[in-house]
Amino acid sequence: RPHSRPRHPHARTMVPLLLLLLATAAHGLVQLNYKPTLASPDLGGLTTTSTFVLEQPRCQFEGQPNADIWLVVAVPEAVRDFNNSAVPGAFQDFPDKAGAYVTLNTTLLSYPCPKAPGEITVLRVGSETSCVDDKSRPTCNGPLPGPGPYRVKFLALEGSEPVAETMWSDPIQLKTARQPSSNPVTGSRHSAGMIALTSILTILFAILLAGLAAMLVFWRSDACGGGSSTFSKPEVVSVRRYNTHHVYDQPAARL
Amino acid sequence: MAKSDDGIHILQGLLVFGNVVIGMCSIALIAECIFFVSDPHGLYPLLEATENDDIYAAAWIGIFVGFALFALSILGIIGVIKSNRTLLLVYIILMLITYAFEMASCITAATHRDYLTPNVFLKQMLERYQKSETDNNNDKWMTDGVTKTWDKLMLQDHCCGVWGPSDWQEYTSAFRHTHSDADYPWPRNCCVMDAQGSPVNLDGCKLGVPGYYNSNGCYDAISGPMNTHAWGVAWFGFAILCWTFCVLLGTMFYWSRIEY
């Protein structure tokens with residue numbers, strides 16, 4: 001009798017899958033469920049125009065105590081084709097000739113687990129300016145050449161053999177500086193205080209000038225036409241003066 | 001007759017009192033304007049570089065107006081007591097001229113204070129701070145003034161930029177041409193310094209860790225003294241002019257009452 005024993009419907013696909021898993025296990029590349037992130041937003045320099053600050057991957061690479069942990073920085077277009085085993089491009093060729101480069105290599109000793117509370121554990125990408133043009137330092141942690149975006153991941157290598165990697169981060173966008181002349185400098189409204197001050201002072205000055213003009217007109221008419229004024233009382237003032245003279249003269253006269 | 005006699009005496013007394021007050025206020029005006037001209041906060045180079053330092057011109061005019069008012073108040077007192085028409089006419093005309101100058105000073109101080117917005121200082125800081133290639137001597141003088149003033153300001157008042165350290169990131173600047181962003185995200189003087197004048201933690205400063213760099217802007221430290229200066233000159237001058245207005249009107253009326 002043919003097909004006496006019932007077969008599992010997916011038996012055909014399971015064997016290749018098993019083989020694939022075995023192959024992967026033989027290579028030993030562990031896919032860590034960790035996505036690199038930017039550090040705390042409290043930092044003023046979290047992203048600048050050519051650097052950014054990542055959280056350290058603490059307590060992620062405990063299974064690979066002897067590996068060197070590298071940071072891979074790539075443009076988003078190079079993420080899909082990135083080969084962990086291939087020789088990575090140099091920082092100096094990034095991003096035109098090389099879509100990705102590796103930098104900031106360290107051992108697990110630099111990332112002790114667990115993280116001490118209150119400690120700032122960060123990695124500043126782009127802080128090394130001395131090796132920017134030095135071709136002999138392809139793993140230079142130099143300033144990023146443009147505003148990005150960039151994607152990063154951590155890769156653990158034993159020798160040149162990749163043993164563990166994290167997920168790729170979300171695209172990281174850096175700051176772009178704009179020209180200060182785009183700001184409006186003038187266009188300041190005159191404040192209410194200044195307008196009040198100007199108008200009140202002008203009015204007062206105008207009144208004073210009018211008063212001076214009235215004075216001069218009065219003087220002119222007084223000098224030419226004699227005592228035609230209605231508000232001056234010459235006899236009052238004259239009497240006062242004569243009184244004064246008389247007060248002083250009388251004792252002299254008596255003497 | 002006695003009533004108008006008393007009236008004239010009262011007017012005389014009031015005018016003498018008015019002139020005494022003008023004399024005292026003029027001394028206060030001189031002192032205030034000398035204080036502002038002496039620039040105790042060291043902000044004059046910033047104004048000089050805006051090429052609009054008219055609030056200083058207003059203070060200088062205030063000093064001379066103060067002297068003139070003092071002399072004229074004495075002349076006024078003598079003129080009122082002696083009831084001399086000529087003296088009082090001279091007094092009134094000279095007072096009007098001084099009044100015009102003081103008016104100019106007040107209006108200048110008020111108008112030009114309105115011109116000094118944050119964007120003016122921001123633009124100037126970005127264009128001149130640590131600028132390396134200067135066109136001529138005048139440019140070099142102004143650039144040096146701006147650089148020294150900002151350095152001193154950031155150290156003394158523990159601040160950075162006009163609005164904050166982000167000014168250096170958001171805008172291109174002359175500083176950025178000579179100092180790379182990775183080494184100097186903001187000037188060194190934005191870092192918290194120790195007693196010897198070097199940063200307490202340079203990496204902390206570059207990262208922007210709170211406590212190792214100055215995260216607030218310097219605009220308050222600039223606008224505070226400038227507002228005091230401008231409004232001090234403008235409003236005190238305004239007060240003196242209002243009082244002088246009353247005294248002058250009274251003097252004109254008194255003059256018209258004197259027998260020639």
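Trainee: What makes the pair A:T51 and A:T48 a polar contact between side chains?

Mentor: Good place to start, and keep in mind that this is a predicted model. The side chains of A:T51 and A:T48 come to 2.7 Å. A polar contact needs N or O atoms within 3.5 Å, and 2.7 Å is within that limit, so the pair qualifies.

Trainee: Where in chain A is A:T51?

Mentor: A:T51 lies in the loop that runs between β1 (30–31) and β2 (52–55) of chain A.

Trainee: Why is A:T51 called buried?

Mentor: Its relative accessibility is 0%. Buried means under 20%, so A:T51 counts as buried.

Trainee: Which residues is A:T51 in contact with, leaving aside its neighbours within four places in sequence?

Mentor: In chain A they are A:L46, A:R124, A:V125, A:G126, A:L144 and A:L174. From chain B, B:D181 and B:A182 are in contact with A:T51 as well.

Trainee: How many residues does each chain bring to the contact between chain B and chain A?

Mentor: Chain B brings 56 residues and chain A brings 57 residues. The area buried between the two chains is about 5000 Å², and carbon and sulfur atoms give 70% of it.

Trainee: Why is the pair B:E170 and A:R178 called a salt bridge?

Mentor: The closest N and O atoms of B:E170 and A:R178 are 3.8 Å apart. The cut-off is 4 Å, so this Glu and Arg pair meets the rule. Across the interface of chain B and chain A, the rule finds 1 salt bridge. There are also 12 residue pairs in polar contact between these chains, counting pairs with both residues at pLDDT 80 or more.

Trainee: Which element gives the most to the side of chain B that touches chain A?

Mentor: That is α4(B), with 14 residues. By class, this side of chain B has 35 nonpolar, 11 polar and 10 charged residues.

Trainee: And what pattern does chain A follow along its sequence?

Mentor: Chain A reads α-β-β-β-β-β-β-β-α-α, which amounts to 3 helices and 7 strands.

Trainee: How many of the 255 residues of chain A count as buried, as a percentage?

Mentor: The share is 34%. As for the accessible surface of chain A, the total is about 15600 Å², with 59% belonging to carbon and sulfur atoms.

Trainee: What share of contacts in chain A joins residues at least 24 apart, among those between residues at least 6 apart in sequence?

Mentor: Among those contacts, 70% join residues at least 24 apart.

Methods: Residues are numbered from 1 along each chain as its sequence is written. Chains are lettered from A and ligands numbered from 1 in the order in which they are written. Side-chain values use heavy atoms; hydrogens and water are left out. Helices (H or I, at least four residues) and strands (E, at least two) are DSSP runs, numbered from the N terminus. Buried means under 20% relative accessible area, exposed over 50%, partly exposed in between (1.4 Å probe, protein chains only). A polar contact is a pair of N or O atoms within 3.5 Å; within protein, one must be able to donate a hydrogen and the other to accept it, and residues adjacent in sequence count only if both atoms are side-chain atoms. Contact means heavy atoms within 4.5 Å. Buried area is the accessible area (1.4 Å probe) that two parts lose on being put together, summed over both. A salt bridge is a side-chain nitrogen of Lys or Arg within 4 Å of a carboxyl oxygen of Asp or Glu. Ala, Val, Leu, Ile, Met, Phe, Trp, Tyr, Cys and Pro count as nonpolar, Asp, Glu, Lys and Arg as charged, and the others, Gly among them, as polar. Accessible areas come from the Shrake-Rupley method with a 1.4 Å probe; for residues, only the protein chains shown count as cover.
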